[in-house]
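Let's take a friendly walk through a protein model, one part at a time. Keep the picture in view as you read.

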Amino acid sequence: MESYKMDFHVTVTDRADAIVVHLAGELDMATAERALDALRGTDLRAARSLVVDLADVSFCDSSGLRLLLHLRQAMVEHGGGFDAVGAHGIVASTIDVTGLAEVLHVPAGGGPSETKSDR
């Protein structure tokens with residue numbers, strides 16, 4: 001694996017109101033599976049909402065978009081909510097140009113990073 005792919009990190013935080021997944025680095029074919037692996041031990045069906053924080057994602061390709069859509073679908077299937085927050089730059093542009101901003105509930109401008117707020 002190329003060394004820059006080692007800089008990809010996933011942090012999962014289980015809060016009372018949501019499961020928050022913070023991604024950092026490049027979300028692409030080489031890292032999307034790692035993000036999914038980090039969630040395998042999490043019971044998404046028990047969560048009211050899933051928030052994916054993209055504030056520290058510097059790049060997202062179709063594999064990353066597919067991961068976000070997969071997570072959204074998993075939440076929709078059991079009546080949970082899904083939001084992707086913090087997207088900016090090329091990541092926000094990629095989501096917008098593919099027409100997925102509304103589907104992924106990405107606020108205009110990416111919105112605030114949920115994991116960095118004092119909710």
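## Starting with a pair of strands

Six bridges link β1 to strand β2, which covers residues 19-27, and the two strands pair in the antiparallel sense. One place to look is threonine 13, whose bridge partner in β2 is valine 20. If pairing is new to you, here is some background: strands of a sheet are held together through backbone hydrogen bonds, and they can run either parallel or antiparallel.

Please bear in mind that you are looking at a predicted model.

## The whole sheet

How many strands form the sheet, and in what order? Four strands make up an open sheet, ordered β1-β2-β3-β4, and the pairing is mixed. At the edges stand β1 (9-14) and β4 (81-85); each has a single partner strand, so one side of each has no neighbour in the sheet. On average, neighbouring strands in this sheet are turned by 15° against each other, direction ignored.

Helix α2, residues 62-77, packs on the sheet and touches β2, β3 (49-60) and β4. The direction of α2 makes about 175° with that of β3.

## A helix with two sides

Now turn to helix α3, which spans residues 89-97. Which residues are buried in this helix? They are Val91, Thr94 and Ile95. Looking down the axis of α3, you would find its buried residues within an arc of 95°, so they line one face of the helix. These buried residues pack against β3 and α2.

On the other side of α3, Asp96 and Val97 are exposed. After α3 comes glycine 99, which has a positive phi, near 80°.

## Stepping back

The protein has three helices and four strands. Read from the N terminus on, its elements follow the pattern β-β-α-β-α-β-α.

What share of the residues counts as buried? Of the 119 residues in the protein, the buried share is 43%. The protein's accessible surface is about 6,300 Å², and carbon and sulfur atoms account for 53% of that surface.

Finally, consider contacts between residues at least 6 apart in sequence: 71% of these join residues at least 24 apart.

How values were computed
Residues numbered from 1 in each chain as written. Predicted model: local features only at pLDDT ≥ 70, side-chain atom pairs only at ≥ 80, totals over all residues. Heavy atoms only, no water. Buried < 20%, exposed > 50% of the residue type's maximum accessible area, 1.4 Å probe, protein only. Contact = heavy atoms within 4.5 Å. Areas by Shrake-Rupley, 256 points an atom, 1.4 Å probe, with all protein chains shown as cover. Pairing = 2+ DSSP bridges. Axes fitted to C-alpha atoms, helices over the stretch in contact; angles between N-to-C directions. Arc of directions from axis to C-beta.
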